[in-house]
Every structure is written in structure tokens, then in C-alpha cells.
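Take a look at the sequence and the model below.

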Amino acid sequence: MANVVVVGAQWGDEGKGKIVDWLSERADVIARFQGGHNAGHTLVIDGQVYKLHALPSGVVRGGKLSVIGNGVVLDPWHLVKEIATIRDQGIEITPETLMIAENTPLILPFHGELDRARESQNSVAKIGTTGRGIGPAYEDKVGRRVIRVADLADAATLELRVDRALVHHNALRSGLGLDPIDRDALLAALREIAPQILPFAAPVWKVLNEKRKAGKRILFEGAQGALLDIDFGTYPFVTSSNVIAGQAATGVGIGPGAINYVLGIVKAYTTRVGEGPFPTELHDDDGERLGTRGHEFGTTTGRKRRCGWFDAALLRQTCATSGINGIALTKLDVLDGFETLKICVGYDLDGTRLDYLPTAADQQARCTPIYEEMPGWSESTEGARSWADLPANAIKYVRRVEELIDCPVAMVSTSPEREDTILVTDPFAD
């Protein structure tokens with residue numbers, strides 16, 4: 001059976017939550033494979049709004065197994081609160097419907113404190129992090145001093161892991177002017193949260209490989225966007241994990257041969273939260289209009305998103321680095337009413353035309369977009385569920401996007417509602 005990876009193909013906020021939820025009807029398992037609760041996925045189902053950060057988007061569908069993989073960094077206190085919030089909205093979360101990999105690294109309170117202290121004291125170039133401790137937790141993971149879910153089950157192991165972490169962090173905190181970590185208070189907090197987390201712990205790698213052999217369909221859910229990838233994003237203004245599709249395999253413990261289709265989620269325009277280069281950013285009425293019509297405020301932080309025209313040059317890059325087989329084009333309805341639309345087809349760098357965004361930060365800053373203009377449409381596309389519901393110029397826009405990024409459109413989303421989707425190619429088709 002086909003297994004599908006869903007990745008954001010821009011700077012995040014592309015509408016992955018809705019698409020994952022929509023696809024999860026066809027899946028048996030939905031697995032998060034990277035990121036932390038800096039992710040923000042908003043689902044609108046029959047008028048009910050669900051805001052998810054750590055939980056996989058599939059939790060709102062009954063009868064599905066949702067998985068948090070080892071590629072994720074997990075704040076256990078946030079997870080418990082998020083589960084309680086979702087339960088209050090009528091969604092039951094049990095160990096039968098949610099599984100957490102035993103080797104998932106934990107975000108602890110001092111990770112967030114470090115994150116915020118660094119950002120506030122950085123006078124050189126702020127990264128624009130959410131301040132939730134995601135980066136420091138990933139640092140501890142590769143530094144071999146992180147505490148993992150399985151460590152919560154053994155008191156002696158937990159103390160050893162805490163002591164190892166504190167040797168590093170207390171020295172770091174001293175240099176930043178922060179008080180030492182209260183070891184006893186931290187251990188007490190971990191012992192208190194452990195019984196609420198451990199019932200969900202499982203050998204995810206084993207379960208998913210068994211599911212695959214049994215012919216079950218697995219949907220791999222990414223967070224953030226490919227342009228925030230630690231290796232292939234606009235470094236250093238990136239997240240602290242690999243976001244591209246290759247991470248799906250290592251982020252849950254399954255071989256790359258298990259991936260049959262990669263779906264890239266793409267807005268019909270471009271947005272970015274936080275610092276960093278953004279060649280097509282608009283500082284005019286068109287940018288304000290995109291932001292207002294698209295309700296461009298971060299689900300996690302509430303920060304206003306920067307808005308700009310669609311960047312086909314960047315999409316060609318992410319389609320290549322993630323091996324994207326097809327895209328889901330979201331928020332097409334936000335473009336309704338524009339007389340003229342622009343698409344970036346390349347960049348001018350000091351008089352030289354480029355068809356990709358260069359790696360060097362100073363060159364990225366000097367790149368100016370080369371635009372192609374297309375006529376807009378006055379009719380509404382909101383709620384369209386078939387090609388016949390779309391204006392001719394909207395269809396031309398979608399087809400031109402396909403040509404410019406050299407990748408087919410598999411789905412088109414025309415509102416936040418689950419069913420307002422035009423399916424062109426079913427990613428789960430065998």
C-alpha cells in the first residue's frame with residue numbers, strides 16, 4: 001500500500017494541518033517525524049477550530065493511530081495541556097490512538113529559558129525563534145546529554161541524565177547571567193509528569209514496520225517548511241531539524257523504501273514568520289491585502305506573517321531537495337480579486353540571472369526577484385471543489401505554477417474547511 005510524506009515546501013504555514021487531516025481519512029497511521037511544539041496546525045472541521053502544536057493532525061479523526069516519532073523534540077508539559085484541550089473539544093486521546101516513540105528527546109524548562117535568553121541578548125542577528133526551547137533540545141540530542149521518554153521510567157537513569165545535562169547547562173547559564181538549575185525541583189517535576197507520558201510510550205520503529213508489512217497506509221507529517229531546513233534552508237534563519245522529506249524515514253525509524261509519494265504543501269503566494277531573506281516580500285497594499293485576506297498570523301506565536309508573491313524559483317529548489325511528486329496548492333481563494341498577479345521566476349544577482357536562491361547569505365540579500373505577470377480574476381474561488389467551479393484565469397494560474405516548478409498539482413485547497421478541496425491525483429493511489 002502507498003505511504004505518503006507531507007512536507008511544507010515554503011517557510012511553513014502552508015496549510016499542512018488541513019491537508020494532513022484530509023488525507024488521514026485514507027491513512028491508517030499518521031506520524032509526526034520532526035519539529036516540536038513550535039509547529040502550529042489549524043484545522044477547521046464543520047466550523048469547529050482545532051489548534052495543534054505537538055499532536056499529529058490525524059488525532060481529530062477517529063479510528064486512526066497517531067504517532068510522535070523520535071525525530072520530534074517533545075515538551076511533556078505542553079503535550080499534557082494540549083491533550084486536555086483537545087479532549088475538552090470532544091476528541092478522545094488514549095494510548096490506543098496516540099503513541100510516542102520511547103527514544104523521543106524531551107524539551108525541559110531550562111531549554112526554553114536558554115532559548116529566550118540567547119535571543120534577547122543577541123545583538124548581532126536575531127534568528128526569530130519561538131523561544132520554546134526547540135533548538136537547545138536538539139543541541140542536547142546531538143550533544144548526547146538529552147533526556148528521552150524512556151528515561152522517565154527508571155529513577156536511577158533519570159538522575160544520571162539530569163546530572164549530565166546540568167553540568168553543561170549550568171556552565172552555560174552562568175555565562176548568560178542565569179541562575180543555576182534547581183536539580184531537585186527539576187527531578188520532582190519529571191517524576192510528576194512521567195505517569196502522564198509513559199502510558200503513550202512505545203517502540204514506534206517496531207510498530208510502524210509491522211504496520212507496513214501488514215499493508216497499512218502510513219501518512220508522515222512534517223512541521224515547518226523546507227526553506228527552514230537546517231541544511232537546505234535560508235541559514236542561519238532556520239529551524240533546528242531537517243524538515244525535508246528524507247527526515248521522515250529517520251524521524252520514525254522506518255526505511256526510505258517505505259516512502260511511496262511525497263506531497264509538498266504550497267501556498268498560492270508566499271509568507272514567512274520571523275527574520276531572514278524573503279526575495280518576493282511586499283511592503284505595499286498588495287502585501288497588506290494578502291495578509292488580511294489570508295489571516296496571516298502565526299498559530300503558535302500570533303506574530304504577523306510577512307507576505308509576498310509566489311516564488312517559483314524557490315519551489316523548484318524544494319521540489320528537488322524533498323523529491324516532491326506533487327503539490328497541494330492552498331489558499332488559492334486569497335488571490336481572488338487581484339487585477340494582476342506576479343510570479344517570481346528567477347533572481348537578478350548583480351546583473352547575473354539565477355534560477356535558484358544561492359546559499360551564501362550575502363548573495364541572498366542582494367537577489368532581486370524577476371517577475372512574470374498574469375491576469376487575476378474577479379470571481380470567487382472560495383469553497384470550490386472541482387475545476388468547473390474555478391474561473392478560467394485561476395486555472396491558468398495553477399497550470400502556470402505547475403510549469404514553472406516542474407511538478408504537478410495534486411490538490412487545490414480553496415478554504416480552511418476540510419471538504420473544500422479539489423483532488424487531482426490521490427497520493428495514496430497504488
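Is R400 buried, exposed or partly exposed? This is a predicted model, and in it R400 has a relative accessibility of 24%. That value lies between the 20% and 50% cut-offs, so R400 counts as partly exposed. R400 forms a salt bridge with E403, and the closest N and O atoms are 2.7 Å apart. Both residues belong to helix 12 (residues 392-405). They sit 3 residues apart, about one turn of the helix. E403 has a relative accessible area of 54%. It is over the 50% limit, so E403 is exposed.

Helix 11 (residues 361-366) holds another such pair, D362 and R366. Here the spacing is 4 residues, again about one turn of the helix. The closest N and O atoms of this salt bridge are 3.3 Å apart. D362 is partly exposed at 47% relative accessibility. R366 is partly exposed too, at 37%.

Now turn to R145 and D140. These two form a salt bridge with the closest N and O atoms 2.6 Å apart. R145 counts as buried at 14% relative accessibility. D140 is also buried, at 1%. Both values fall under 20%, so both residues are classed as buried.

Side chains of opposite charge can pair when their charged atoms come close. In this model the count is 26 salt bridges. Some of them join into a network that links D13, K267, E296, R305 and K331.

K331 is not a glycine, yet its phi is positive, about 55°. K331 lies in the loop between strand 13 (326-330) and strand 14 (340-349). Its relative accessibility is 23%, so K331 counts as partly exposed.

R144 also has a positive phi, near 60°. R144 is placed in the loop between helix 4 (134-142) and helix 5 (155-176). At 70% relative accessibility, R144 is exposed.

Why note these angles? Most residues other than glycine have a negative phi, and most peptide bonds are trans. The bond between Y235 and P236 is cis, with omega about 10°. P236 is in the loop between strand 8 (218-221) and helix 8 (247-250).

Finish at helix 1 (residues 16-24). Helix 1 is mostly covered, with 9 of its 9 residues buried.

How values were computed: Residues numbered from 1 in each chain as written. Predicted model: local features only at pLDDT ≥ 70, side-chain atom pairs only at ≥ 80, totals over all residues. Heavy atoms only, no water. Salt bridge = Lys/Arg side-chain N within 4 Å of Asp/Glu carboxyl O. Buried < 20%, exposed > 50% of the residue type's maximum accessible area, 1.4 Å probe, protein only. Helix = DSSP H or I, 4+ residues; strand = E, 2+ residues; numbered from the N terminus.
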